[in-house]
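Good morning, and thank you for coming.

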Amino acid sequence: MERELRLRLDLGYDGTDFSGWARQPGRRTVQGEIEDALGRILRLDPAPSLTVAGRTDAGVHARGQVAHVDVPLAATVAVSSGRGPAPEDPEGVWRERGAELLATLTRRLAGVLPPDVRVHAVSVAPEGFDARFSALSRRYGYRVGDAPGGVDPLRRREVLWYARPLDVGLLNAAAARLLGEHDFAAFCRRREGATTIRELQRLDWVRGEDGILLATVVADAFCHSMVRALVGSLLTVGEGRRPVEWPGEVLATAVRDSGVHVAPAHGLTLEEVRYPEPGELARRAAATRRVRTPTA
């Protein structure tokens, strides 16, 4: 049986012109672009399928996205042969030139992919690595500008303009009430068979020297629309329209509240995905696959 390699891809993209990460018929998606590029470069039909750490929605960006893909060793080795015949001893070539071949694959992806998606690095994944299930946490950033004159036009694709002034103290006071492991059903779009229990490890706001507010949101995982729903609820507190207790009260009901408005996609960026040490990857993946239940 032909040996396969599991490759880790570290990547980023401007989500503005994508219909999200996941491949969809007739739509331009990040997954579709990268899979098609890999199929073309590695001469694989059908193209290999990617597994990603975070399936971002339409318009959401990523700076630190991670995916994995399983590809035949022979196809990876042949990446340097161009249109010529594939090497007769792929195992030998891989032992001698593996690092060089991965660098070649990275360069060729840069030449084939459109400029709004980049694969920064391709590496051999450690034993037990799963881009989705091995992850310890995901870190998102949400950027908001509340200057009366609007957002710098050069940053309009990544910063939300909020027309009313925001109080950082109020934002953080409300955010602190949401930390910990809870059922976040009030801030998620339900999916059949999926749990909405998550551990929110960090949620805080800072105003930079440029005046832009950055919300940093870290959790073991996020359910659909969770980050943007949390941000949307906090913004109403930050402008003084809701009391600081309100988002926490909504959380406690575990029911979607009509007063929670999902913040626009373009302000959100997936910044980082964290993984355990190599020896813990398989164990972490197995634990994550189990459906979570509320703690006492």
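Predicted model: local features only at pLDDT ≥ 70, side-chain atom pairs only at ≥ 80, totals over all residues.

The side chains of Asp57 and His224 are joined by a polar contact of 3.2 Å. Leaving aside residues up to four places away in sequence, Asp57 touches Gly20, His224, Ser225 and Arg228.

Where in the chain is Asp57 placed? Asp57 sits in the loop between strand E2, residues 50-52, and strand E3. In UniProt, an unreviewed entry carries the annotation "active site" at Asp57. For that annotation, please bear in mind that it may be inferred rather than shown by experiment.

Let me now turn to the domains. The protein is divided into domain 1, residues 4-124, and domain 2, residues 137-276. To their contact, domain 1 contributes 16 residues and domain 2 contributes 17 residues. The C-alpha centres of domain 1 and domain 2 are 31 Å apart.

How much area is buried between domain 1 and domain 2? The value is about 1300 Å², and carbon and sulfur atoms give 45% of it. Which residues of domain 1 lose the most area to domain 2? They are Asp57, His61 and Arg63, which together account for 37% of what the domain 1 side buries.

Twelve residue pairs are in polar contact between domain 1 and domain 2, counting pairs with both residues at pLDDT 80 or more. Strand E3, residues 61-72, gives the most to the side of domain 1 that touches domain 2, namely six residues. By class, that side of domain 1 has five nonpolar, six polar and five charged residues.

Four salt bridges are found across the interface of domain 1 and domain 2. I would also point out the salt bridge between Glu271 and Arg63, in which the closest N and O atoms are 2.6 Å apart.

Terms used
Residues numbered from 1 in each chain as written. Heavy atoms only, no water. Domains from an automatic or database assignment. Contact = heavy atoms within 4.5 Å. Buried area = accessible area lost by both parts, 1.4 Å probe. Salt bridge = Lys/Arg side-chain N within 4 Å of Asp/Glu carboxyl O. Polar contact = N/O pair within 3.5 Å; in protein donor to acceptor, adjacent residues only side chain to side chain. Helix = DSSP H or I, 4+ residues; strand = E, 2+ residues; numbered from the N terminus. Nonpolar A, V, L, I, M, F, W, Y, C, P; charged D, E, K, R; others polar.
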